[in-house]
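Welcome! Please take a look at the sequence and the 3D structure below, and then read through the points that follow.

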Amino acid sequence: MWNMMCDVMPTISEDVVPGQRGSLFSGEDANFEQLMVTMFDEKDKLLDNLRETQDRLSETSGKLSMVEKERDSLQRQIAASLPQVRSIGR
């Protein structure tokens, strides 16, 4: 079993190159890893922003619907309380 794992598992270099401070990644790999972390962080921020914007849109749509109903009600009240205008030429 142990021999099989040694054959399958990649070798991890224990040599430390000055300036790497024990990093297992080369400079290019570390930069790529940092780029990926930054991209995932930005993605999370954008998704949070999207959710907040969708919530505000839903809330605003609800308010608009209420205002439209109130407007329609007021227009009906105005129409009912004003005398009907007759055509002068008849």
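Glu59 and Lys63 form a salt bridge, with their closest N and O atoms 3.4 Å apart. A salt bridge here is a side-chain nitrogen of Lys or Arg within 4 Å of a carboxyl oxygen of Asp or Glu. This is a predicted model: local features need pLDDT of at least 70, side-chain atom pairs count only at pLDDT 80 or more, and totals for chains, interfaces and linings use all residues. Residues are numbered from 1 along each chain as its sequence is written, and side-chain values use heavy atoms, leaving out hydrogens and water.

**Salt bridges**

- Side chains of opposite charge can pair when their charged atoms come close.
- Glu59 and Lys63 are four residues apart in helix H2, so about one helical turn separates them.
- Glu59 has 48% relative accessibility, so it counts as partly exposed; the classes are buried (under 20% relative accessible area), exposed (over 50%) and partly exposed (in between), using a 1.4 Å probe and protein chains only.
- A search of the whole structure finds four salt bridges, and another one of them joins Lys45 to Glu42, with the closest N and O atoms 3.5 Å apart.
- Lys45 and Glu42 both sit in helix H2 (residues 27-81), three residues apart, which is about one turn of the helix.
- Is Lys45 buried or exposed? Lys45 is exposed, at 53% relative accessibility, while Glu42 is partly exposed, at 39%.
- Asp72 and Arg71 also meet through their side chains in a salt bridge, at 3.0 Å from N to O.
- Both partners are partly exposed: Asp72 has a relative accessibility of 27%, and Arg71 has 44%.

**Helices and the annotated region**

- How many helices does the protein have? There are two helices and zero strands, where helices (H or I, at least four residues) and strands (E, at least two) are DSSP runs numbered from the N terminus.
- An unreviewed UniProt entry lists residues 43-77 as "coiled-coil region"; UniProt positions follow the numbering used here, feature names are shortened, and annotations may be inferred rather than shown by experiment.
- In the model, residues 43-77 are 100% helix and 0% strand, and the end C-alpha atoms of this span lie 51 Å apart.

**Surface**

- Of the 90 residues in the protein, 0% are buried.
- The protein exposes about 9200 Å², and carbon and sulfur atoms supply 59% of that area; accessible areas come from the Shrake-Rupley method with a 1.4 Å probe, and for residues only the protein chains shown count as cover.
- Met39 lies in helix H2 and is partly exposed, with a relative accessible area of 48%.
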